[in-house]
Amino acid sequence: MRALKIFAFCVLCAALLFVFSIIDGVVKFAFSLGALYVGIQFFKRHETRGPRIAFILITILLYFIYTVFYAFYLAIQQQQAAV
């Protein structure tokens, strides 16, 4: 159950960071603040080093996975538009 909570925090934080990286305008900073808030809440609830390190590493990994899938999505969209 604890691992599931850590993973849920990671998914949420990575998703907020991903949305921050792909949109333009001032609204993007709301997503950055949301990711910061999720991180602060996670660090308040987990005071040991292990879960904190896992949170940071899994969040970074998920962020890159989201970015790669988005790049694939954009590539497919561009190929369909060119045909």
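The following legends describe views of a predicted model of one chain.

**View 1. The helices of the chain.** The chain contains three helices and zero strands, where helices are DSSP runs (H or I) of at least four residues and strands are runs (E) of at least two, numbered from the N terminus. From the N terminus, the order of the elements is α-α-α. The radius of gyration, taken over C-alpha atoms, is 15 Å, well over the 12 Å that the globule rule (2.2 Å times the number of residues to the power 0.38) gives for 83 residues, so the chain is more spread out than a compact globule. Along the principal axes, its C-alpha atoms fill a box of roughly 55 × 30 × 15 Å.

**View 2. Helices H2 and H3.** H2 spans residues 28-45 and H3 spans residues 49-82. Their axes, which are lines fitted to C-alpha atoms over the stretch in contact, come within 9 Å and cross at roughly 160°, with angles running from 0 to 180 degrees between N-to-C directions. The two helices are therefore roughly antiparallel (an angle over 145 degrees).

**View 3. Residues between H2 and H3.** Gly 39, Phe 42 and Phe 43 in H2 meet Pro 51, Arg 52, Phe 55 and Ile 56 in H3; contact means heavy atoms within 4.5 Å.

**View 4. Burial in the chain.** Of the 83 residues, 23% count as buried, meaning under 20% relative accessible area with a 1.4 Å probe, protein chains only.

Residues are numbered from 1 along each chain as its sequence is written. In this predicted model, local features need pLDDT of at least 70, side-chain atom pairs count only at pLDDT 80 or more, and totals for chains, interfaces and linings use all residues, while side-chain values use heavy atoms, leaving out hydrogens and water.

Terms used:
Buried means under 20% relative accessible area, exposed over 50%, partly exposed in between (1.4 Å probe, protein chains only). Angles under 35 degrees count as roughly parallel, over 145 as roughly antiparallel, 65 to 115 as roughly perpendicular and the rest as oblique.
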